Amino acid sequence: MDLAQCIPTGKSGKGVRAARNQALRAGVITEEVSGEQIRVEKKIQDEMRAVLAQWKSRNLFEMGGFLNTVNPFLRMEDRRYFLSRDRNGRLDGYLVATPIPRKKSFFLEDLVLRKNSSRGSGELLMLEGMAALAEAGGVTRRGGKAGSQAIARGGHAIPTHRPGSDQAH
């Protein structure tokens with residue numbers, strides 16, 4: 001996926017942008033946390049486990065196998081984690097990005113949302129995650145870099161909350 005092309009534009013992206021805007025108006029925030037932070041702060045891990053258990057209970061059957069397994073707590077030191085929280089601080093969901101070293105890229109592996117999460121939380125998480133990955137120098141399949149400037153030109157860049165920071169960047 002070309003990260004510069006992932007931000008929806010035009011009529012085809014209208015629904016995604018509307019959902020993202022609803023989440024922002026509802027006070028949903030996103031933050032990136034490290035695997036180490038999740039490991040150390042049991043509260044975050046417990047919240048993630050609760051959302052995962054609820055998410056799994058909504059599915060009629062569980063798909064197993066290499067690509068279908070959902071375990072956000074494996075290889076935590078390598079992965080990037082993006083969390084969304086509602087205006088009350090409750091975890092709405094999370095996105096896990098796993099690096100693909102040979103391609104200098106990421107696989108967006110798990111997008112897990114709690115039942116009745118804020119409208120647009122999933123869209124906001126995806127856009128924030130892709131913007132943060134692009135900003136960090138995510139490389140496209142074609143070998144070009146997609147930086148924050150490419151996303152900003154599309155008019156859809158939104159502030160991201162960085163681990164250990166009280167400010168949006």
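This is a predicted model: local features need pLDDT of at least 70, side-chain atom pairs count only at pLDDT 80 or more; totals for chains, interfaces and linings use all residues.
**Stop one: helix α1.** Select residues 14–25, the 12 residues of α1. From first C-alpha to last, the helix reaches 16 Å, close to the 16 Å expected at 1.5 Å a residue. Now colour R17, A19, R20 and A23, the buried residues of α1. They cover an arc of only 160° around the axis, which puts them on the same side of the helix. Turn to the other side of α1 and you will find K14 and R25 exposed.

What do the buried residues of α1 pack against? Show residues 121–135 as well: this is α4, their packing partner.

**Stop two: strands β1 and β2.** Select residues 29–33 for β1 and 80–85 for β2. Show the side chains of R85 and E31, which form a salt bridge with their closest N and O atoms 3.0 Å apart. These partners sit 54 residues apart in the chain. R85 is buried, at 11% relative accessible area, while E31 is partly exposed, at 24%.

Next, pick R80 and E32, another salt bridge, with closest N and O atoms 2.6 Å apart. R80 lies in β2 and E32 in β1, so this pair ties together parts 48 residues apart in sequence. R80 is buried at 16%, and E32 is buried at 10%.

**Last stop: helix α2.** Select residues 35–40 and look for E36 and R39, three residues apart, about one turn of the helix. Their side chains meet in a salt bridge of 3.8 Å, N to O.

Definitions and conventions: Residues are numbered from 1 along each chain as its sequence is written. Side-chain values use heavy atoms; hydrogens and water are left out. Helices (H or I, at least four residues) and strands (E, at least two) are DSSP runs, numbered from the N terminus. The expected span of a helix is 1.5 Å times one less than its number of residues. Buried means under 20% relative accessible area, exposed over 50%, partly exposed in between (1.4 Å probe, protein chains only). The arc is that of the directions from the helix axis to the C-beta atoms. Contact means heavy atoms within 4.5 Å. A salt bridge is a side-chain nitrogen of Lys or Arg within 4 Å of a carboxyl oxygen of Asp or Glu.
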